[in-house]
Amino acid sequence: ASEAVPEYLNKIFWVIMREETIDCREIELETMSRREFQEYICSRLVRVKWPESLILPLIEMIREFQFEKSEMEMLISKIHKSALGLEKTKLPAYVYENLLLAKKGFKSRILRHIIMLFDTERDSANPEGRNQMLQIQGTILLHFDFTIKHDHELGC
């Protein structure tokens, strides 16, 4: 059941964002414009702790919507902070979502973050985990290759 939450969250957000005004009185908020609602959602996303199972779906949702530059800066910071406790096996998918997110801007910031992840994981890997980490890094490099082939600007 919890796997369906991100899918529904994304659909609900799409439906709501089609409306000019959103009546939020039932959740003890006032009626808001679409823009005000999006600002509200953004501020809530930044303030709450993201469960590991929702990190990737939330990045995907953020990718699909048009946020203001300042909102994207806050969301990208939140994404990067959320990755610190991410399970190693989820790193390739996390990196891929970030590479896709880089198309919306902040390319150098996102790439620096990915490199920092490589360094952190390399330094923290024990001898038994090195093989697994090399496989994960190989998969991440394949994601880079694939993404750069489809978005030449990312490689520049």
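1. A residue counts as buried under 20% relative accessible area, as exposed over 50%, and as partly exposed in between. Keep that in mind for Arg63: its relative accessible area is 22%, so Arg63 is partly exposed. Please also bear in mind that you are looking at a predicted model.

2. Let's stay with Arg63 for a moment. Arg63 belongs to helix α3, which covers residues 52-64. If we leave aside its neighbours within four places in sequence, Arg63 is in contact with Glu97, Leu100, Leu101 and Lys104.

3. Is α5 mostly covered or mostly open? It is mostly covered, with 9 of its 11 residues buried. Among the buried residues of α5 are Glu97, Leu100 and Leu101, each of them in contact with Arg63. Leu91, Pro92, Tyr94, Val95, Asn98 and Leu99 of α5 are buried as well.

4. Next, look at how α5 meets α7. The axes of these two helices come within 9 Å and cross at roughly 20°. Angles under 35 degrees count as roughly parallel, so α5 is roughly parallel to α7. The crossing of α5 past α7 is right-handed.

5. Which residues make this contact? From α5 come Leu91, Pro92, Ala93, Val95, Tyr96 and Leu99. From α7 come Met133, Ile136, Thr139, Ile140, His143, Phe144, Phe146 and Thr147. Sorted by class, the contact of α5 with α7 has 11 nonpolar and 3 polar residues, and no charged ones.

6. The aromatic rings deserve a point of their own. How many aromatic pairs are there? The count comes to 1. The partners are Tyr96 and Phe146, with ring centres 6.4 Å apart and an angle of 45° between the planes. Planes under 30 degrees apart count as stacked and those over 60 as edge-to-face, so this pair is tilted.

7. Finally, why does this pair tie together separate parts of the chain? Tyr96 lies in α5 (residues 91-101) and Phe146 in α7 (residues 130-150), so the pair joins parts that are 50 residues apart in sequence. Both residues are also listed in the contact of α5 with α7.

Notes
Residues are numbered from 1 along each chain as its sequence is written. This is a predicted model: local features need pLDDT of at least 70, side-chain atom pairs count only at pLDDT 80 or more; totals for chains, interfaces and linings use all residues. Side-chain values use heavy atoms; hydrogens and water are left out. Rings of Phe, Tyr and Trp (its six-membered ring) pair if their centres lie within 6.5 Å; planes under 30 degrees apart count as stacked, over 60 as edge-to-face and the rest as tilted. Helices (H or I, at least four residues) and strands (E, at least two) are DSSP runs, numbered from the N terminus. Axes are lines fitted to C-alpha atoms, for helices over the stretch in contact, and angles run from 0 to 180 degrees between N-to-C directions. Angles under 35 degrees count as roughly parallel, over 145 as roughly antiparallel, 65 to 115 as roughly perpendicular and the rest as oblique. A crossing is left-handed if the near helix is turned anticlockwise from the far one by less than a right angle, and right-handed if clockwise. Contact means heavy atoms within 4.5 Å. Ala, Val, Leu, Ile, Met, Phe, Trp, Tyr, Cys and Pro count as nonpolar, Asp, Glu, Lys and Arg as charged, and the others, Gly among them, as polar. Buried means under 20% relative accessible area, exposed over 50%, partly exposed in between (1.4 Å probe, protein chains only).
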